[in-house]
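Keep the viewer open and follow along as you read.

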Amino acid sequence: GHPRLALGRSTLPLGGQRARLLVALAVAGGTLSVDELADVLWERERPSSWRGALRVLVHDLRRILLGVGLTPAVLQRSGPILLLEPAAAGGEVDLWLARDAAGRARSALESGDPAAARALAGQVEASFAQGILPGVEDDAVIALRARVVRERVRNLELLARSARALGDAATALEAAERGLELDPTNQPLCQEGMAAAEAGGAAAR
């Protein structure tokens, strides 16, 4: 969805360049070069003073972090690299939590626990379904969004598989159909959808 900083019950929405910077870092896993960030922040043409503008933006974000009680160490510059380190303030990034949960869901299914897998994959889908910067359609943001969509499709396949293993054909079919809306040529999802539809039809007879 739209990026925001949260501290306890207080939230601070972020927009514009601040949102782009934080989203780019979150999608990349916390580390990007300043040149890669510049491509996201100034898609068509960088201003001649873009390095100075980036320094100002980072300073502004650190000031905001400090204002909501977080240490500015959450956002660090190391030479040509910018780092997002929420653990420096005991913080978390929702996208990273979802990725971790997706990994645990896959492990649960592989170890024979489809119930745990379905529960975790459902939580991941709820997070991924919020999208990335909705309403922003330039090439740089679309590229960021595509990376997350690929992860979402893999998770929907996992959700379909785990639900079908539990005999929940309706959830399996819904997950497969949702994934195919995002990636219509995905063969594993096609197979899961057909298997779920067949299972659902058999149960209805």
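Leaving aside neighbours within four places in sequence, E125 is in contact with R152, N155, L156 and R178, where contact means heavy atoms within 4.5 Å. With R152, the side chain of E125 also makes a side-chain polar contact of 2.6 Å. A polar contact here is a pair of N or O atoms within 3.5 Å; within protein, one must be able to donate a hydrogen and the other to accept it, and residues adjacent in sequence count only if both atoms are side-chain atoms. E125 sits in helix α5, residues 114-128, and counts as buried because its relative accessibility is 4%. Buried means under 20% relative accessible area, exposed means over 50%, and partly exposed lies in between, with a 1.4 Å probe and protein chains only.

A word on ground rules: this is a predicted model, in which local features need pLDDT of at least 70 and side-chain atom pairs count only at pLDDT 80 or more, while totals for chains, interfaces and linings use all residues. Residues are numbered from 1 along each chain as its sequence is written, and side-chain values use heavy atoms, with hydrogens and water left out.

Now step back to the whole chain. Its secondary structure comes to 8 helices and 5 strands, and along the sequence they follow the pattern β-β-α-β-α-α-β-β-α-α-α-α-α. Helices (H or I, at least four residues) and strands (E, at least two) are DSSP runs, numbered from the N terminus. Of the 205 residues, 40% count as buried. The accessible surface is about 10,900 Å², and 52% of that belongs to carbon and sulfur atoms; such areas come from the Shrake-Rupley method with a 1.4 Å probe, and for residues only the protein chains shown count as cover. Among contacts between residues at least 6 apart in sequence, 55% join residues at least 24 apart.

Let's look at the strands next. Strand β5 (residues 81-84) is joined to strand β3 (residues 31-33) by 3 bridges, and the two run antiparallel. Strand β4 (residues 75-78) also pairs with β5 in the antiparallel sense, over 4 bridges. Two strands pair if DSSP finds at least two bridges between them.

Helix α2 covers residues 34-41, and its buried residues are V34, L37, A38, V40 and L41. Seen down the axis of α2, these fall within an arc of 160°, so they line one face of the helix. The arc is that of the directions from the helix axis to the C-beta atoms.

As for length, the 14 residues of α7 (residues 169-182) should span 20 Å at 1.5 Å a residue, and the end C-alpha atoms are 20 Å apart, which agrees. The expected span is 1.5 Å times one less than the number of residues.

Still in helix α7 you will find T171, which is partly exposed because its relative accessibility is 24%. The side chains of T171 and D168 are joined by a polar contact of 2.6 Å. Not counting residues up to four places away in sequence, T171 touches L159 and A163.

Finally, what does R161 touch, not counting residues up to four places away in sequence? R106, L109 and E192 are the residues that R161 touches. R161 belongs to helix α6, residues 139-165, and is partly exposed, with a relative accessible area of 31%. Its C-alpha atom is 8.2 Å from that of P114, a residue 47 places away in sequence. E192, in helix α8 (residues 187-204), is buried at 9% relative accessible area. Apart from residues up to four places away, E192 touches A160, R161, R164 and A176.
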